[in-house]
Amino acid sequence: MTATPNTNSDEEQMFLATLQECLQADNDKRTAAEQIYQDIADEKKAILLLSTLRNTTLSGPIRSFAAVMLRRLFQTQFENFWPKYSPDQQMAVKKELIARITQVDDDETIRKKVCYITAELAKNLMDENDQSQWPEVMEFLFQSANSSHSALKESALIIFEAFPGIFGNQAEQLTQIIHQIFLNCLNDQDTKVRYTAAQALAAYLKHNCENTQLLHIHRDCLPFLISTVTHSLANSDDDAVLKALIDIAENAAKYLRPGIDEVFNLCLETMQQKDEFEESRRHLALEVLVTLSETASGMVRKVSKKYMNRLVPQLLEMMVDLEDDSEWSIKDTIEDEEDDSNAVVGESSLDRLSCALGGKTMLNYILTTIQTMLQNPDWRYRHAGLMAISATGEGCHKEMSVLLDDLVNGTLVFLKDSHPRVRYAACNALGQMSTDFQGTFQKKFHSKVIPGLLSILDDHENPRTQAHGGAALVNFAEDCPSRILVDYLPQIIEKLEQVLNRKYQELVQHNRKLVLEQIVTTLAAIADTVGQDFSPYYDRFMPQLKYLFKNAITPDYRMLRGKTMECISLIGLAVGKEKFIHDCYEIMQELVKSQVDFENLGNDDPQVSYLIGAWTRICKILGKDFEQYLPIVMGSVLKAAAFKPEVTVLADGDNEVEEDDNWEVLNVGDQAFGIKTTGLEEKASACSMLVCYAKELKEGFVNYVEETTKLMVPLLRFYFHEGVRAAAAESLPHLLDCAKLRGDDYVRQMWQYMNKELFKAIEIEPDHEVLGELFSSLGKCIETLGVSSLTVDELKELTTILDSHLKKHFERSNERVEKRRDEDYDEETEEEMVEEDDFDSYILNRLSDIIHSLLVTYTDSYLVYFDTLVPHFYALIQPTRSISDRQWALCVFDDVIQFTGAHSHRYTQFFLSPMAESLADTAAEIRQAAAYGFGVMGMNGGPVYARACAEALPRLFTMIGAPNSRAPENNTATENAVSAVTKILKYNNSCLDNIDK
């Protein structure tokens with residue numbers, strides 16, 4: 001084969017030796033070889049790898065490794081080396097790959113890997129018009145798929161699975177041919193062909209999941225797909241076909257509608273065959289059903305009566321599968337349960353099903369099963385029943401709320417159970433209900449729950465249960481009104497002090513720290529909730545906490561020291577600067593010492609996040625006085641905020657990352673990335689800390705503005721963590737404020753660096769909460785900078801972006817209209833869509849804030865741009881739209897009137913009549929916004945609005961005089977109406993005939 005650069009046999013031998021060394025177990029040898037490999041030019045490397053792959057005399061492992069590395073090269077470096085080959089050389093590479101696949105007598109594993117390389121090259125050779133620059137590969141696929149040779153059929157299907165978009169813009173006209181290939185291959189005599197066809201079909205359906213017509217065309221493949229899955233379960237140890245069914249359930253769930261009964265029965269039967277199948281396979285069968293419930297909840301709810309009475313008991317039976325470890329409750333170090341254990345999978349599946357299908361579908365089946373479990377003499381059944389209550393609250397919230405009295409009273413009994421793990425589960429259930437039913441739960445049950453949990457803190461014989469009682473008390477306290485908690489403060493403080501003293505002695509004498517760590521956290525949560533009311537107890541705890549913080553310095557005590565830092569700073573924040581200042585200097589010196597050692601702390605050291613949090617709280621406490629510590633802390637904080645996570649591009653079939661708790665998978669388009677999560681939360685905390693410094697210290701932070709800005713602006717598009725992006729957005733207006741000390745020119749330069757990235761981030765942000773933060777940030781930046789903030793071109797660009805987001809708002813609204821027409825639409829679907837409405841309302845709110853900022857800043861000169869957006873707000877103000885749509889449209893027109901005065905009259909044809917009619921609307925929010933509008937017409941509108949103001953008065957008087965006008969829900973609207981009447985009478989009364997009257 002000819003390709004650039006040319007290689008000779010010596011180079012090939014040296015390269016082979018390098019690859020061999022890369023596979024060495026010896027770390028030094030492997031590292032040295034990897035460096036040699038990296039130094040080889042990519043264009044030469046590709047040829048050497050292909051040459052290795054072609055050499056059938058070499059061992060399987062070395063050829064397999066060459067295949068993996070060649071695929072990775074095509075994935076990551078294609079643009080760097082492929083253009084360096086001449087057209088003839090490029091064609092030679094293509095031919096060589098196809099030739100390798102046609103060598104059907106070659107090693108099967110190698111052939112599959114070559115198929116993946118071929119798919120990767122085909123993906124890279126698709127142009128911007130979705131036109132393939134490698135037509136020969138498509139011809140090869142069709143020939144192979146129709147070949148009499150099973151290995152060629154299988155190869156074609158593997159390529160198709162790896163790159164289902166391989167036919168590009170010709171796919172539509174080839175639909176029938178592709179359909180026939182699937183039908184033929186799913187019915188092939190060869191088992192491997194059928195199995196691979198099922199996997200390829202799953203990939204194809206995922207790729208075309210939005211194309212309902214295409215899914216319908218392939219519907220007749222479904223019976224053969226299900227029979228293929230059934231066959232693989234009975235005859236193969238490989239779960240790839242079952243995983244393909246999960247992929248379809250996740251990405252094209254509605255495709256399975258005609259076969260939903262077969263799918264449920266098959267998976268339920270698989271789950272029941274404990275002697276026949278491994279746990280992992282039974283878990284995958286369960287995953288099909290749970291995923292299907294999440295992605296097509298309405299469709300599953302329709303058949304749920306046939307299957308939930310079989311599925312729910314199986315999940316609860318899985319939760320009973322616990323080891324009877326006599327030392328479980330006395331262990332001082334907690335090891336997380338295996339994620340793939342029956343108990344964990346069963347509980348998480350119950351939680352997911354409850355959230356997906358809702359309480360109407362699930363709760364009766366759950367309660368019916370757990371009632372008998374809670375009476376079982378075997379502790380594992382009582383434990384599972386209580387854990388099921390914990391898992392069910394979020395998804396069955398509405399239905400459980402009605403039964404809360406019985407559930408809570410029934411759970412409290414088990415705080416006195418004879419088995420420590422059952423008492424643990426009771427604490428867990430109470431803690432989870434404290435969160436799921438926050439507010440209501442605390443107000444209704446405080447007199448029973450607080451004493452009950454405090455009694456668990458006396459269980460010194462079972463420290464793990466004792467600690468969990470403290471954890472449940474944290475959940476209760478976090479969402480508890482402070483007035484309620486204050487009433488119990490003497491009892492809580494006395495108990496926590498007793499336990500703290502005893503556990504401190506256990507730490508000194510026996511090095512036991514589990515409960516002590518938890519009690520410190522519980523104390524912090526109590527102080528955080530009651531605030532100043534903690535002051536009388538401050539001196540009872542602070543000396544011991546300071547001692548712990550100073551002396552818990554060995555690696556074993558990292559978590560204890562971190563939690564003690566957190567507790568001290570939260571108590572300081574609760575009692576305030578005046579009380580805390582007496583100990584503050586001493587604590588700060590200790591924190592400074594810790595900060596100096598920060599460089600030596602690993603990314604996985606728990607002290608990092610606690611230290612960052614403590615500094616942030618102390619900054620809030622000290623305010624400007626914190627400035628003196630900035631030179632000490634900023635280096636470490638910037639280092640944590642600048643942390644770059646390890647990221648890897650995932651190839652199809654890479655599942656090592658998915659099985660590692662320290663890694664997460666992020667899908668961007670068709671490409672999957674693995675992200676190592678270690679250090680990510682600390683990065684987010686550090687970014688939030690920088691926001692706090694800039695916000696609290698203002699000009700005192702000026703020396704760090706430039707470095708912080710250069711760090712934060714690129715993080716607006718850090719798609720691995722929403723919290724990082726949100727903090728980056730929030731920081732920008734505060735950084736501009738800080739920079740004002742350096743003059744207008746400096747601030748303008750900073751803004752020029754920020755605004756393009758901010759615009760781009762707003763345009764493409766996928767998360768609605770972060771998008772809201774970006775909108776808010778931009779609005780504040782505009783108000784901070786004034787009329788110089790945006791050029792004419794930037795105003796045009798921003799208006800185009802706002803126009804795009806308003807169009808998306810209508811598109812999402814129309815999608816919900818279509819969902820309401822769907823055959824699976826039901827009451828629970830409506831509840832889901834109400835949540836989506838709330839998300840859209842939030843975005844519309846933040847978007848209207850930007851328009852407010854633009855009008856405040858540019859007044860009537862912005863109207864030339866606003867003209868583009870008027871049709872959207874006219875559509876939103878119509879009576880057929882939702883309350884939030886109409887409310888925010890009215891608010892925008894209110895701002896237009898208020899900040900542009902008489903210039904706003906040009907839009908009266910769009911808003912005046914709807915605004916007047918809205919004064920009599922049934923929704924208080926609408927009346928409130930409409931009344932405000934007539935108030936600003938009166939005060940700011942001038943004579944052009946005199947007639948409209950006069951005509952509005954009778955409706956305003958009707959609002960004010962309504963019998964329930966002073967009810968809490970109507971009061972703000974009524975106040976706005978009173979204010980509007982006053983302003984009209986005072987400023988815009990020229991059309992009133994009988995003003996004196």
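Start by selecting Arg820, which is partly exposed at a relative accessible area of 30%. Here buried means under 20% relative accessible area, exposed means over 50%, and partly exposed lies in between (1.4 Å probe, protein chains only). The model is predicted, so local features need pLDDT of at least 70 and side-chain atom pairs count only at pLDDT 80 or more, while totals for chains, interfaces and linings use all residues. Residues are numbered from 1 along each chain as its sequence is written, and side-chain values use heavy atoms, with hydrogens and water left out.

**Stop 1: helices H39 and H40**

Asp837 sits in helix H40 and Arg820 in helix H39, so the pair ties together parts that are 17 residues apart in sequence. A salt bridge is a side-chain nitrogen of Lys or Arg within 4 Å of a carboxyl oxygen of Asp or Glu. Helices are DSSP runs (H or I, at least four residues), numbered from the N terminus. Asp837 is partly exposed, with a relative accessible area of 27%.

Now widen the selection. Arg812, Arg816, Lys819, Arg820, Glu830, Glu836, Asp837 and Asp840 are linked in a network of salt bridges.

Next, pick Asp803 and Lys807. Their closest N and O atoms are 3.1 Å apart, in a salt bridge. Both residues lie in helix H39 (residues 792–821), 4 residues apart, about one turn of the helix.

**Stop 2**

Go to Glu120 and Arg71. Their side chains meet in a salt bridge (3.9 Å, N to O). Glu120 is in helix H7 (residues 108–124) and Arg71 in helix H4 (residues 60–76), so the bridge ties together parts that are 49 residues apart in sequence. Glu120 is buried, at 6% relative accessibility. Arg71 is buried too, at 8%. How many salt bridges does a search of the whole structure find? The count is 59.

**Stop 2: Met271**

Select Met271 in helix H15 (residues 260–272). Met271 is buried, at 4% relative accessibility. Show its contacts (heavy atoms within 4.5 Å). Leaving aside neighbours within four places in sequence, Met271 touches Arg282, Ala285, Leu286, Leu289, Leu311 and Gln314.

**Stop 3: Leu453**

Move to Leu453 in helix H24 (residues 440–456). What is its relative accessible area? The value is 0%, so Leu453 is buried. Leu453 is in contact with Leu415, Cys427, Leu430, Gly469, Ala472 and Leu473, not counting residues up to four places away in sequence. Draw another line, this time to Ser236. Leu453 and Ser236 are 51 Å apart in space, C-alpha to C-alpha, and 217 residues apart in sequence.

**Stop 4: two charged patches**

Turn to the surface. Select Asp237, Asp238, Glu278, Glu279, Asp321, Glu323, Asp339 and Asp340: they gather in a patch of negative charge. Patches are made of residues with over 30% relative accessible area and no salt bridge, and like charges are joined within 9 Å. Lys and Arg count as positive and Asp and Glu as negative; His and the chain ends are not counted. Zoom in on Asp321, in the loop between helix H17 (297–319) and helix H18 (342–357). Asp321 is partly exposed, with a relative accessible area of 40%.

The positive patch comes next. Select Lys620, Lys695, Lys698 and Lys780, which form it.

**Stop 5: two positive phi angles**

Stay on Lys698. This residue is in the loop between helix H34 (680–697) and helix H35 (705–712). Lys698 is partly exposed, at 40% relative accessibility. Where is its phi? Phi of Lys698 is near 45°, a positive value in a residue other than glycine. Most residues other than glycine have a negative phi.

Finish at Thr859. Its phi is also positive, about 45°, although Thr859 is not a glycine. Thr859 lies in the loop between helix H40 (827–858) and helix H41 (863–866). At 30% relative accessibility, Thr859 is partly exposed.

Conventions
Patches are made of residues with over 30% relative accessible area and no salt bridge: like charges are joined within 9 Å, nonpolar side chains (Val, Leu, Ile, Met, Phe, Trp, Tyr) within 5 Å. Accessible areas come from the Shrake-Rupley method with a 1.4 Å probe; for residues, only the protein chains shown count as cover. The place of a charge is taken as NZ of Lys, CZ of Arg, CG of Asp or CD of Glu.
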